[in-house]
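Hi,

Here is the structure I promised to pass on to you. My notes on what turned up in it follow just below.

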Amino acid sequence: MDVSGTMSEQLRIKINNFEPIYMLDKLSDNTYLQYADEILNNKLVVNEKITTTVEFDVLNLDWDMTVTESPNTFSLYLHTLRPIYYLCKAYLFTNNMAYLNIADEFLNSWTHYVENKKSPNRYAWYDHSVAERIENLLFFSIIKEHKKDTSGLRFIRKIIQINSEWLYKDENYTYKHNHGIFQDGSLIKAGYYLEAEEYIEKGISRLNNQLKHAFPNMYIHVENSIGYHLGIISYLKGITNFLHSYSNDYAKTADTYYKGAIEYLVYAYKPNLTVPYIGDTIGSVGKGKVKSDFDHENLKYIQSLGLVGQKPEMNFKFYKNDGTAIYREHWESSTFDQSTWLYFKSGYQSSTHKHADDLSFQLYSKGHDIFIDPGMYNYMVGNKIHDYMNSVYAHNTIIVDDQTYSISMFNSNKVGLLSLRKMKGYESVSGYNNIYKGIQIDRTINIIDGNNFLIVDDIVSDDHHKYSQIFHLSNDMDIISLTKDYTILKIKDTDFFLLLKQLHSIDQNNVYYADFDSKYLSFISTGLSKVNPTKTITYEKDSSSSTKFITFIKVVTSAELNKYVLESPIIEEDYVLVNGVCIDIKSRERLPIADIEAQINNNRLKLRNTASSNTQQISYAFYLLDKATGLKKDSTQYSFDSSAEFYLEKGNSYALISYIRNSAMETSRKLIGFIDYDKQHGFHFDKVSIENQEPSIGGSSIIKVNDDNIFKFTVNVSCVNGINSKWYIYRNGASYDFVGNNSNEFEYQFSEQGAYTCIYRIRDKYFGEIVFSHFNEIVIS
């Protein structure tokens with residue numbers, strides 16, 4: 001029996017309003033019943049993405065259990081008390097009190113645990129778990145209200161109050177992160193439930209700041225993952241509707257962010273209605289199509305394959321400041337899913353859920369994925385598959401010296417998009433990656449039409465390096481032929497082939513398939529901690545100076561294949577002629593190197609940056625920092641004037657940072673000198689040599705010091721000022737210990753058996769976080 005039939009209209013509205021936002025429109029009624037029944041039968045279900053069977057006894061529940069291949073994720077959702085929500089939903093469908101009885105036992109067990117455990121699990125009081133726990137308990141409390149269980153209602157209300165007070169405190173709040181948005185929504189809802197105006201006001205104030213950070217350009221969520229983008233959209237929709245139901249004016253502001261985020265989906269969806277697995281996006285078995293049109297006319301058109309709704313107007317969408325460009329061949333309904341689609345990515349504004357995927361692209365055509373991004377495995381840093389899927393080896397980009405790179409915020413200034421240009425007969429989109437030291441990589445993807453592409457990887461360096469160009473194939477592609485000059489791929493279940501030709505010579509090529517002995521493991525995500533093997537093709541060349549990969553990609557039918565294998569585009573020094581279209585392949589002028597002239601007269605500092613460019617419009621800025629602390633003392637705005645003047649305070653010493661930027665916002669930031677003061681001679685300027693103007697990371701090492709399981713961890717760094725390091729120890733995937741110091745080294749003794757990973761974040765006082773990475777796994781037996 002559906003309990004809702006016995007409720008008052010007021011209570012039914014209240015239940016709808018307080019349905020947890022994270023679960024809106026997520027699961028079917030039968031799925032809720034299935035999960036609740038499994039819980040009744042002592043099988044613990046905490047999240048629909050975790051399918052491993054976990055036996056439990058609610059009367060002896062281990063709240064510190066380490067289970068499944070994703071123990072952190074399992075523990076997080078266990079402490080959200082999500083099982084209580086599943087049980088409440090099942091009660092509403094059936095009126096079976098057995099569901100509520102075990103929900104009571106769950107809550108009693110958790111409460112006893114946190115009240116008596118001296119050092120509770122980190123997820124007992126964690127931003128995400130507390131936020132979701134409040135939502136689950138709000139829903140439970142309204143069920144208790146329906147049952148007129150006053151003592152149970154009073155008990156739950158007390159726990160909601162305790163959790164809400166925890167969220168309200170600033171020291172527990174997570175700024176600039178999706179978890180903070182969840183905290184805001186829960187605090188707002190708790191405020192209305194508890195009639196606590198201060199909760200509502202603080203929740204909305206925080207949410208406003210979060211949304212400014214989350215959608216800095218109003219379209220793409222800043223956390224580098226379309227999976228999280230979709231999650232935040234759904235959450236925004238839920239909190240907006242909740243605020244509307246209480247006539248809160250902030251609903252209108254939240255709605256503007258929601259609408260901008262929806263527009264991005266119009267172009268991000270592939271023609272077969274699937275999403276690209278960008279960053280920490282969990283894959284799925286089969287197509288994993290998106291089901292919601294979010295009541296948007298363009299999305300209705302897409303969901304219906306062009307039968308209803310409004311046809312999108314653009315075929316190329318360029319989100320420059322979000323580091324994303326998306327090409328769509330056409331929107332015609334008759335061949336909707338056959339349209340060619342290309343996604344190009346370079347640049348980031350947050351390292352959250354970010355992979356080393358700059359200058360990577362994905363390609364879909366003729367109803368099938370061709371070149372893919374593998375998505376995410378799990379959150380288990382140190383796990384070999386996790387580390388591979390987050391690394392540069394898993395993405396269709398350029399690799400230098402077989403090395404991946406750190407996604408620190410220091411490096412975020414060194415990648416981005418340059419331009420989208422409409423040329424005669426083709427369109428081109430360009431990006432850059434200057435992260436590898438002493439190397440500048442430009443990638444330009446030239447699109448002649450939906451079947452013809454020319455990729456130009458222009459690499460500038462004065463030193464000898466190995467360069468690798470990566471193509472990660474979908475499982476809809478079969479390799480028919482592979483040589484150094486060309487590759488033939490068959491698109492499964494079609495009459496189409498993809499011909500890939502290297503127009504500049506390469507040294508060698510390779511194919512990898514689920515190869516655990518290689519850095520190119522080659523997998524694609526099919527769920528949390530689940531993957532399928534795929535194939536990866538690499539093209540490699542060694543060069544002692546600047547070089548290029550010029551790669552022609554053509555989709556052809558079987559009848560055309562032999563003709564185009566024999567024919568190649570005409571290549572000259574500055575252009576390639578493809579199908580009568582002349583494509584410019586000239587190298588662009590890179591940013592000039594800062595060269596500073598400094599004059600000090602008493603306490604006046606005059607600066608001039610003599611760096612200039614013949615082809616670019618360059619702007620300049622300077623930052624004057626406190627030498628001891630790194631805090632800003634003064635600065636200039638970007639200007640085409642390369643000179644600046646500062647007032648110096650006697651007794652102070654300074655560090656001077658120079659910024660150079662072109663019209664594409666590509667930026668160079670260098671420590672160019674120090675200004676010191678002594679009473680006898682006054683101020684004097686010491687220039688920093690070019691090779692020492694920014695921090696450098698040179699790999700890492702682990703040494704076992706002795707047989708007592710003491711290990712020494714070292715990160716090789718140079719040119720770092722005022723180093724500050726954080727070392728996070730994880731055991732069997734769960735947070736275990738934390739050490740902070742002011743060194744690039746630290747020693748640690750492991751006293752328990754287990755698999756350990758050490759994550760490190762190192763800061764420079766002038767440049768901020770310069771590296772965020774981890775060491776290889778250590779097993780203590």
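β29 (667-678) gives the most to the lining of the second largest pocket, with 4 residues. Also supplying at least two residues each are β9 (439-449) and β10 (452-461). Helices (H or I, at least four residues) and strands (E, at least two) are DSSP runs, numbered from the N terminus. A pocket here is an open set of points on a 1 Å grid over the protein atoms alone, where a 1.4 Å probe fits, with protein on both sides within 12 Å along at least five of seven lines; a cavity is a set the probe cannot get out of, and lining residues have an atom within 4 Å of a point.

Please keep in mind that this is a predicted model: local features need pLDDT of at least 70, and side-chain atom pairs count only at pLDDT 80 or more, while totals for chains, interfaces and linings use all residues. Residues are numbered from 1 along each chain as its sequence is written, and side-chain values use heavy atoms, with hydrogens and water left out.

Back to that pocket: it holds about 810 Å³ of space, where a volume is the space filled by probe spheres set on the points, joined across faces, edges and corners. Its lining has 27 residues, and G438, Q440, I593, K670 and E694 lie nearest the centre. By class, the lining has 10 nonpolar, 8 polar and 9 charged residues (Ala, Val, Leu, Ile, Met, Phe, Trp, Tyr, Cys and Pro count as nonpolar, Asp, Glu, Lys and Arg as charged, and the others, Gly among them, as polar).

There are also 2 cavities of 30 Å³ or more. The largest cavity has a volume of about 160 Å³. Among its 17 lining residues, I220, H221, N224, D322 and K345 are the closest to its centre. α10 (226-245) and β3 (341-345) each give two or more residues to this lining. The second largest cavity has a volume of about 50 Å³, and β4 gives the most to its lining, with 3 residues. Its lining residues include I278, Y343, K345 and H395.

Finally, a sheet: 4 strands form an open one in the order β6-β11-β18-β15, with antiparallel pairing (two strands pair if DSSP finds at least two bridges between them). β6 (398-400) and β15 (508-513) stand at the edges with a single partner strand each, so one side of each has no neighbour in the sheet. β6 pairs with β11 (residues 465-472) over 3 bridges, and I399 stands opposite S468 in β11.

Best wishes
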